[in-house]
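Thanks for making the time this morning. I would like to walk you through one model, and I will give the cut-offs for each term as we reach it.

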Amino acid sequence: MMTLPNLLTLSRIVTIPLLAFLLWWPQWQLGYALAFGLYCLMGITDYFDGYLARSNGTVSKLGQFLDPIADKLMIAAVILVLTAQGYLRGPYVGDMHVIAGLIILMREIAVSGLREFLGSLQISVPVTRLAKWKTALQLVALGGLILGGAVQGPPCVTLADACLTPAENWIHIASLTALWAAAILTLITGWDYLRVGLKHMD
């Protein structure tokens, strides 16, 4: 159980509260800079735990169970804290950017339940290439939002705030655009998984 890949996976899970703590104060740019470094480090461990497990032949059931959970917990924590601190707010549509985050969270919960149902039937659902692109895109989008907080500070949290123009706040806007693209891929891949599940429901 305590192989290096599993320890790396567990390290991501136990680090999530620290990541949330660093993101808790939207005006704290140093905290967001530290959070961005920690977020990148967690992403690196996500790559290496799978790589090491496959290359060393130490793939375990615990690792297969924990790895997707660690990813989902990190994504959910970042989306929820950034939403609470106003980072899923942008020009033109304001708080409507939260919908992109909701789509991603709802899909993760639905697919997890679907996988559990299919697992009881001894049916595995392989991760598609499009799903991998979705995951990569949402990781980049959330990382960009954190980076924007470190470099440019928070977006408008209240109507009284002095807002940056779209040109000045380009990291934040590009990250929100990437988040919407990830949400669209989320809907597509979620439907693909649902179609597989429906075939086994009667």
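This is a predicted model: local features need pLDDT of at least 70, side-chain atom pairs count only at pLDDT 80 or more; totals for chains, interfaces and linings use all residues.

Residues are numbered from 1 along each chain as its sequence is written, and side-chain values use heavy atoms, with hydrogens and water left out.

The protein chain has six helices and zero strands, and its elements run α-α-α-α-α-α from the N terminus on; here helices (H or I, at least four residues) and strands (E, at least two) are DSSP runs, numbered from the N terminus. Of the 202 residues in the chain, 41% are buried, where buried means under 20% relative accessible area, exposed means over 50%, and partly exposed lies in between, with a 1.4 Å probe and protein chains only.

Let me turn to the core. A nonpolar core is taken as a set of buried Ala, Val, Leu, Ile, Met, Phe, Trp, Tyr and Cys residues joined through side-chain atoms within 4.5 Å. The largest one holds 33 residues, and the members that touch the most others are L19, L23, V78, L82, L142 and I146. Each of α1 (4–22), α2, α3, α4, α5 and α6 supplies at least two residues of this core, and the largest share, seven residues, comes from α3.

Now the aromatic residues, of which the structure holds three pairs. Rings of Phe, Tyr and Trp (its six-membered ring) pair if their centres lie within 6.5 Å, and planes under 30 degrees apart count as stacked, over 60 as edge-to-face and the rest as tilted. The rings of W25 and W28 have centres 6.1 Å apart and planes at 75°, so this pair is edge-to-face. Both are partly exposed, W25 at 41% relative accessible area and W28 at 31%. By contrast, the rings of Y32 and Y87 have centres 4.8 Å apart and planes at 20°, so that pair is stacked. It links distant parts of the chain, with Y32 in helix α2 (residues 29–55) and Y87 in the loop between α3 (61–84) and α4, 55 residues apart. Y32 is buried at 0% relative accessibility, and Y87 is likewise buried at 0%. Ring pairs also join F21, W25 and W28 into a cluster.

Next, helix α5 (residues 129–151), whose 23 residues reach 32 Å from first C-alpha to last, close to the 33 Å expected at 1.5 Å a residue; that expected span is 1.5 Å times one less than the number of residues. Its buried residues include K134, Q138, L142 and I146, and the helix is followed by G153, whose phi is positive, near 80°.

Finally, which elements give two or more residues to the lining of the second largest pocket? The lining includes M106, R107, W191 and Y193, and the elements in question are α4 (98–120) and α6 (170–198). By class, the lining has nine nonpolar, two polar and one charged residues, where Ala, Val, Leu, Ile, Met, Phe, Trp, Tyr, Cys and Pro count as nonpolar, Asp, Glu, Lys and Arg as charged, and the others, Gly among them, as polar. A pocket here, on a 1 Å grid over the protein atoms alone, is an open set of points where a 1.4 Å probe fits, with protein on both sides within 12 Å along at least five of seven lines, and lining residues have an atom within 4 Å of a point.
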